[in-house]
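Take a look at the structure below and keep it open while you read. We'll walk through it one stop at a time.

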Number of protein chains: 2
Amino acid sequence: MRFQIIGFTLGILLAILGVLQLIPALVDRASDHENARMFLFSAVVCVFFGMGMILAFRCERLHLSMRETFLLTTLSWLGLCVFGAVPLYLSDLGLSFTDAFFESTSGITTTGSTVLSGLDQVSHGVLLWRSMLQWVGGIGIIAFAILLLPFLRVGGMQLFKTEASDRSDKVMSRGSSIVFSLMVVYGGITALCTILYHMFGMSGFEAINHAMTTVSTGGYSTHDASFGYFNSRILEWISIVFMVLGAVPFILFVKLFYKGRFAFFEDEQFKVFMLLLLVFTAGLSLWLWQNSAYSIGQSVTMSAFHIVSIITTTGFTTTDYTLWGALPVMFFFFLTYLGACAGSTSGGVKIIRVVVTAKAIARQIKALIYPRAVFVLRYQGKAMDYPVIMSIFGFLGLYVVANVFLTIALTLLGLDFTTAVSGAATALANVGPGVGSVIGPAGNFASLPDLAKWLLCFGMLLGRLEVLTIMVLFSRQYWTN
Amino acid sequence: MRFQIIGFTLGILLAILGVLQLIPALVDRASDHENARMFLFSAVVCVFFGMGMILAFRCERLHLSMRETFLLTTLSWLGLCVFGAVPLYLSDLGLSFTDAFFESTSGITTTGSTVLSGLDQVSHGVLLWRSMLQWVGGIGIIAFAILLLPFLRVGGMQLFKTEASDRSDKVMSRGSSIVFSLMVVYGGITALCTILYHMFGMSGFEAINHAMTTVSTGGYSTHDASFGYFNSRILEWISIVFMVLGAVPFILFVKLFYKGRFAFFEDEQFKVFMLLLLVFTAGLSLWLWQNSAYSIGQSVTMSAFHIVSIITTTGFTTTDYTLWGALPVMFFFFLTYLGACAGSTSGGVKIIRVVVTAKAIARQIKALIYPRAVFVLRYQGKAMDYPVIMSIFGFLGLYVVANVFLTIALTLLGLDFTTAVSGAATALANVGPGVGSVIGPAGNFASLPDLAKWLLCFGMLLGRLEVLTIMVLFSRQYWTN
């Protein structure tokens, strides 16, 4: 284990995070808000730490081994969460460090759970910083999913190995140019979203903030009422489209813009994702139309917005859907786990693993009927070998175990049944709102005990880094190898 | 598909069920209760139907194909549930057929959820019939698990193929003699339990009823207060021992009594089962001791009794443990799914599949650290081949899907979050009590809507027959083959 290279890379990340803090500093300076000085101070601290680490650990070659990559990834996300919390801690919000760390972690992991209320009174710099954390977390996770996960072979992600490296379908020749093209695509989509939001009624500041938290499927808003503040059906549909774009495998955009190939409908994840969105929205719209005072048009918008918001793990709301009745609550609860496509900014279990599980079930039923036949599971037309399938099931098993332990631990800290169950789910899946009066869409995480907040932060990081990336660090073999 | 052979076998089962009803008829006759005539009438109906089917479909050879076995198994359990409900429907309880069918299904599947209250006033014949349904359901499921499931290769049960057939470790030469020895063991254990219950305070009638529902891990009681009625620590410990015996792979008893081989501690399921019981009981005892007015002794008894009752899927209670606080509720909720050993009378996911999942997780973590190594999953020291592992994961996936659909469907019928979630869990796992004020340990299933009761019956049968046995009948390939 070469800690030097890990320290060097962390230093670069910290320095970048510090430089980014100059943006909210300028914003608060423009409105003469006292938070400006604090952002500047925090920026200096971050850059100072970052540069110190760069100088102390500087090295020439950056090639990482797989074992080093696991540690670096976990420490990078943790480091961003800690240093992202500094300006929130120092700001005029009067947050405890626990609350600041929770808000920062919820940002970086694009979860969107918040401990803040009275957002409309918070300084623009702080609001922008929250949105920026999600935006940076979003591009970070895309790069991680496309460049590192396939090689780390975490949770079946080796299925996507070819997409970024195979010669027969080569997107880019080198990792760094893929990162660049991803950033261009990500930035372009965000810019387009900002323009549309602004065109249809948001202020410039609102537009840029919501665009960043829409495309990153994070879900932070500049208003306590979240998207409900705008009360605009057209803004909601723009948001629906861009949440979906943020939840699609980004490699498809790179193929489209850099190779001119429209490969969306060749992609199994994308097709299943679209199908699920259609079926779920149709079903819930009908139910809502029958069981509420909404018109059919309102029902469709309400259903589509919240289904997309939960399945993409964004977490925007326009109304407290838990008041619709027990059925939507239960439906959204299970939807929390699902998640959208691997290789996007969304969290949850992800469509790819659901597809493989569904195929395994179908295969098992067929195997009962034709006992002597041999069945092959295919993804994108290619046979999946057993180690890939096993790694998907290992992932799912660990996901369930992590969920059970997290839920029981939250209960041990005094949370009630519904809050514990849905809190663990929403943290692990990086969605945002839970179920119930405490952490539901109308609630807020502020009242939870500090230890519960730390546990939820751990859950968010676990979910964000696909559980195994972190859990591997807890195994004896990792350190004795 | 030879429906003749299926009808013939069903006829035999019905006739036996009819003959068995003569026992409660005699019991109620002895106390001059009006239900005696009704039991006699129901017995005649069952025997009449049964004999009719035997005569109509009589055939010489009983060798079944695998496809026929799936249908026969499902129809057998369904038939027993329907005809087991007849005397309950006709009795002086004034039950609707839905309630009678629910009670009968909950009996045959050894679930133990009840719609009855005021059990202390119910005629002895009816109480005995409920216990007999569970006892018959218990031996039925053991025979099914040991003789049929390994050959049907449902949910990884092919792992146990060798135990009943392999020459190197042959227990019995032929299926029918295994069934006979299983019945002797099962009857013997029940008799011993009856004697001990009677010796330590139960009346003869209470003893035989509770022995039948203990060893079958069913959980019906002759009192509304369930085991709490007796308020006897020694009876509780006797019950703990016999619930555990009912939840152990029965092939181990056959080995012990027919081959004189004590193989319990060579069995991986048994060892993990014991370990879990110890760890869980120790943990909950400590917690309870710290967080309640119970003494350490009371805490241990309370913890052991309820953990064993839930993990063996019996469902006896001595107190409303949901009043202990949120932690035990959550803990018992997750425990509901676990279940004890495959090849016993217990339900749930079962230890064997939990063990394989845990090994798959450990293997996946190791595979991340040693990317080029090949890892083999072993059970009982033997390598498991991939089709076995796949069939376990296919089972688990289907179990989750069935659980989600059942929960959402229950919510659609108006059940609240907690009742729907725990109702689906307790039905699928064949445990008995749920969580919450409606169907919790102090509650009762009577107030649920009729459709919810039918859904729960479907869930109980699904869980009892390892999900796949029934779901295979819903596939197109099964019928077009």
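Let's start at F57(A), which you'll find in helix α3 of chain A, the helix that covers residues 35–57. Keep in mind as you look around that this is a predicted model. Now find I6(A): 51 residues separate I6(A) and F57(A) along the sequence, yet their C-alpha atoms are 8.3 Å apart in space. If you ignore the neighbours within four places in sequence, F57(A) is in contact with Q4(A), G7(A) and F8(A).

Next, zoom out to where the two chains meet. Chain A puts 55 residues into the contact, and chain B puts in 55 residues. How big is that interface?

Several helices of chain B give two or more residues to the side that touches chain A, including α4 (66–90), α15 (351–369) and α17 (417–428). The largest share, 15 residues, comes from α16(B). Sorted by class, that side of chain B has 39 nonpolar, twelve polar and four charged residues.

Now for the inside. The largest nonpolar core has 316 residues, and F273(A) and F273(B) touch the most other members. Click on F273(B) and, skipping residues up to four places away in sequence, you'll see that F273(B) touches V244(B), A247(B), V248(B), I311(B), T312(B), A340(B), C341(B) and I351(B).

With 0% relative accessibility, I142(B) counts as buried. Leaving out neighbours within four places in sequence, I142(B) is in contact with L182(B), Y186(B), F250(B), G343(B), S344(B) and T345(B). Compare I142(B) with V126(B): they are 16 residues apart in sequence and 25 Å apart in space, C-alpha to C-alpha.

Let's finish with salt bridges. Side chains of opposite charge can pair when their charged atoms come close. Over all chains, the whole structure holds 16 salt bridges. One of them joins E466(A) and K350(A), at 2.6 Å from N to O. Why is this pair worth a look? E466(A) lies in the loop between α18 and α19 of chain A, and K350(A) in the loop between α14 and α15, so the pair ties together parts that are 116 residues apart in sequence. Both E466(A) and K350(A) are buried, and along with R353(A) they are linked in a network of salt bridges.

Over in chain B, D32(B) and R29(B) meet in a salt bridge at 2.8 Å, N to O, and both of these residues are exposed. Back in chain A, R261(A) forms a salt bridge with E266(A), where the closest N and O atoms are 2.8 Å apart. R261(A) is partly exposed because its relative accessibility is 29%, and E266(A) is partly exposed too, at 46%.

Methods: Residues numbered from 1 in each chain as written. Chains lettered and ligands numbered in written order. Predicted model: local features only at pLDDT ≥ 70, side-chain atom pairs only at ≥ 80, totals over all residues. Heavy atoms only, no water. Helix = DSSP H or I, 4+ residues; strand = E, 2+ residues; numbered from the N terminus. Contact = heavy atoms within 4.5 Å. Nonpolar A, V, L, I, M, F, W, Y, C, P; charged D, E, K, R; others polar. Core = buried A, V, L, I, M, F, W, Y, C linked by side-chain atoms within 4.5 Å. Buried < 20%, exposed > 50% of the residue type's maximum accessible area, 1.4 Å probe, protein only. Salt bridge = Lys/Arg side-chain N within 4 Å of Asp/Glu carboxyl O.
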